[in-house]
Amino acid sequence: MTDYGNTFAGTRVLITGGLGFVGSTLAHRLVELGAHVTLVDSLIPIYGGNLRNIAGVEDRVRINIADVRDEHSMDYLVQGQNLLFNLAGQSSHLDSMTDPYTDLEINCRAQLSILEACRKQNPGLKLVYSSTRQIYGKPDYLPVDERHLLHPTDVNGVNKMAGEWYHILYNNVYGIRACALRMTNTIGPRMRVKDARQTFLGIWIKQLLGGQPIQVWGDGTQIRDFNYVDDAVEALLLAAADPNADGQIFNLGSDETINLRDLAKLLVEINGHGQYEIVPFPGDRKPIDIGDYYADYRLIQGRLGWRPKVSLREGLTRTLEFYRKEKQYYW
Ligand SMILES: NC(=O)c1ccc[n+]([C@@H]2O[C@H](COP(=O)([O-])OP(=O)(O)OC[C@H]3O[C@@H](n4cnc5c(N)ncnc54)[C@H](O)[C@@H]3O)[C@@H](O)[C@H]2O)c1
């Protein structure tokens, strides 16, 4: 197992999407590890960025409210950095269908210009890119490993796929060290719960804590895997620290799989009260649904020694506790 020890102490780290769910959790951890952290985020209201996400470390990080689509800002921001965690993204599948050009601009074009900024200004830095399981589309087989064909079901999946491959291309052609993690559903404190833009589980948490029934779409039999955000952050750090990750693509995933009906039951049980109801799939979501999905994460386990440590029950418990205390900042 890679032990990243004090790799990050004194390291200059840029996180795009650093005020979002995963980026801010990573920022908390990197501050603990002694890194000099700069967060770039546009704080576009419909995405997951929230200044409350950095409560506790706000005086120990630099914040730059900028848009990754702005090439001049990125040209400047990558300078002098040792590491770039490239997490800024438009992550709503539905929004990518109703507004495909914004998804294209952020998840595809801006990714290329970030890499161009690195090539021109700082080719010695290392990048870790947050890709997604969405690029596999509706699985041909389960669990899905990295050799599975990529046939995304929505515009978001197509653009994230391109974003991922630009990183690998720049690694292979220009020697700019880069790797990608195909993340699965990630849960935890600081996730977006206002709506279902980041994940359906966000709105479920809001419904449950607001005393409303959780709405399970479809028949509730779709299977998913989940990672607790601290485990996903650990994978990002291992990938950053280990040269074996350069040029590689790794799935994240979990040994625990669960269908949505059982997940709703589990949430209600952990909360101590509440209800769920099965409702028909919204018409606009059905054609882009990927059915059952869970990942084979043996590649990253073998190469980097990563495996998830926080159980689903524990992850949900911690998440509910967080939102009971913090809901005024997130509702
Ligand atoms: N959360 C998950 O379950 C999950 C699963 C798979 C992949 N991912 C990927 O991980 C990354 C982080 O996701 P997250 O869950 O933290 O989402 P998030 O929405 O909380 O974070 C993304 C951040 O990027 C920022 N951002 C968006 N567009 C920007 C732009 N043009 N310029 C600057 N900042 C911009 C947003 O303001 C937000 O703070 C995304 O790239 C997403 O595709 C997440």
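## Asparagine 251

In this predicted model, the side chain of asparagine 251 makes a polar contact with the side chain of tyrosine 136 at 2.6 Å. A polar contact is a pair of N or O atoms within 3.5 Å; within protein, one must be able to donate a hydrogen and the other to accept it, and residues adjacent in sequence count only if both atoms are side-chain atoms. The model is predicted: local features need pLDDT of at least 70, side-chain atom pairs count only at pLDDT 80 or more, and totals for chains, interfaces and linings use all residues. Residues are numbered from 1 along each chain as its sequence is written, and side-chain values use heavy atoms, with hydrogens and water left out.

Asparagine 251 lies in strand E10, residues 249-251. Helices (H or I, at least four residues) and strands (E, at least two) are DSSP runs, numbered from the N terminus. With a relative accessible area of 0%, asparagine 251 is buried; buried means under 20%, exposed over 50%, and partly exposed in between (1.4 Å probe, protein chains only). Apart from neighbours within four places in sequence, its contacts (heavy atoms within 4.5 Å) include Tyr136, Asp145, Arg182 and Tyr297.

## Serine 96

Serine 96 sits in helix H3, residues 93-98, and counts as buried because its relative accessibility is 0%. Its side chain reaches the backbone oxygen of histidine 93 at 2.7 Å. Beyond four places in sequence, serine 96 is in contact with Gln90, Asp103, Asp154, Val155 and Asn156.

## Surface patch

Leu51, Ile63 and Ile65 form a nonpolar surface patch with about 260 Å² of accessible area together. Patches are made of residues with over 30% relative accessible area and no salt bridge, with like charges joined within 9 Å and nonpolar side chains (Val, Leu, Ile, Met, Phe, Trp, Tyr) within 5 Å. A salt bridge is a side-chain nitrogen of Lys or Arg within 4 Å of a carboxyl oxygen of Asp or Glu. Accessible areas come from the Shrake-Rupley method with a 1.4 Å probe; for residues, only the protein chains shown count as cover.

Leucine 51 belongs to the loop between strand E2 (36-41) and strand E3 (61-65). Leucine 51 is partly exposed, at 48% relative accessible area.

## Whole chain

The protein has 10 helices and 12 strands. Buried residues make up 56% of its 331 residues.
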